[in-house]
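Open your viewer and switch to a cartoon view. We will go from one selection to the next, with a short note on each stop.

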Amino acid sequence: MNVLLCSINTLKRLYDISAVEVGQHFYWQIGGFQVHAQVLITSWVVIAILLISAVLVVRNPQTIPTFGQNFFEYVLEFIRDVSKTQIGEEYGPWVPFIGTMFLFIFVSNWSGALLPWKIIQLPHGELAAPTNDINTTVALALLTSIAYFYAGLSKKGLAYFGKYIQPTPILLPINILEDFTKPLSLSFRLFGNILADELVVVVLVSLVPLVVPIPVMFLGLFTSGIQALIFATLAAAYIGESMEGHH
């Protein structure tokens, strides 16, 4: 009997940890603005992970790279390949931006899946991956949109806006609408996939034993990485498109 009660309590604790609180947030007041504190906290953790990793790797570079240095060189080469493929020969200045987007989203998604955020109790809401908040994905998409316009204007000046009336002025409203839907598409694609993956795991944990959702959680790690790659690839493609001047 005691073993049965212990098992029930253990499963209840696992269920509580896996639960998702929808529509609840822990707010901070900063300079008259109300912000989602849990998103700031987890974002700071992700940024700290990236900064500490970078410092540890570059503080003592070796001619014959160690495992850590070799891994980060591979990541850098991968990001450069993505940027060059989508942007073209002028990809160099955009590698830091594309790399930042990819690494922040990748580490954010994996931190939501691997770190036990829900063990830390907040007065309201819960800690989760920063990309699990629509405000974060919208901010990333808007940054991409700003970079998109900056790339076109810096390359062509005011002549950049001539693309809106090509190949015919009749398409002006459609061309303008296209530029507004690009950040919207990026934001909802990232947010929707991350939230859907988390909800699937929660539903499976509530319906079946824990051994079944575990493979799904590992699959979620893979899809989280794919989402980071898709976002970075599309961001680079939009920047390359604005510099080339065609759709």
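A crossing of two helices counts as right-handed when the near helix is turned clockwise from the far one by less than a right angle, and as left-handed when the turn is anticlockwise. Keep in mind that you are looking at a predicted model.

**Stop one: a helix pair.** Select α2, residues 37–58, together with α4, residues 95–114. Their axes cross at roughly 115° and come within 10 Å, and the crossing of α2 past α4 is right-handed. Now show side chains: α2 brings S43, V46, I47, I49 and L50 to the contact, while α4 brings L103, F104, V107, S108 and S111. Colour these residues by type and you will find seven nonpolar, three polar and no charged.

**Stop two: the core.** Next, display the largest nonpolar core, which has 31 residues. Start with I87, W94, F97, I98, L140, F231 and I239, the members that touch the most others. At least two core residues come from each of α3 (67–87), α4 (95–114), α5 (134–156), α6 (172–207) and α7 (213–244).

Which residues does L140 contact, leaving aside neighbours within four places in sequence? Zoom in on L140 and look for M101, F104, I105, L190 and F231.

**Stop three: annotated spans.** An unreviewed UniProt entry places "transmembrane region" features at 35–58, 94–114, 134–153, 190–212 and 218–239. Select 94–114: this span is 95% helix and 0% strand, with its end C-alpha atoms 30 Å apart. Then try 134–153, which is 100% helix and 0% strand; here the end C-alpha atoms are 29 Å apart.

How values were computed. Residues are numbered from 1 along each chain as its sequence is written. This is a predicted model: local features need pLDDT of at least 70, side-chain atom pairs count only at pLDDT 80 or more; totals for chains, interfaces and linings use all residues. Side-chain values use heavy atoms; hydrogens and water are left out. A nonpolar core is a set of buried Ala, Val, Leu, Ile, Met, Phe, Trp, Tyr and Cys residues joined through side-chain atoms within 4.5 Å. Buried means under 20% relative accessible area, exposed over 50%, partly exposed in between (1.4 Å probe, protein chains only). Helices (H or I, at least four residues) and strands (E, at least two) are DSSP runs, numbered from the N terminus. Contact means heavy atoms within 4.5 Å. Axes are lines fitted to C-alpha atoms, for helices over the stretch in contact, and angles run from 0 to 180 degrees between N-to-C directions. Ala, Val, Leu, Ile, Met, Phe, Trp, Tyr, Cys and Pro count as nonpolar, Asp, Glu, Lys and Arg as charged, and the others, Gly among them, as polar. UniProt positions are given in the numbering used here, feature names are shortened, and annotations may be inferred rather than shown by experiment.
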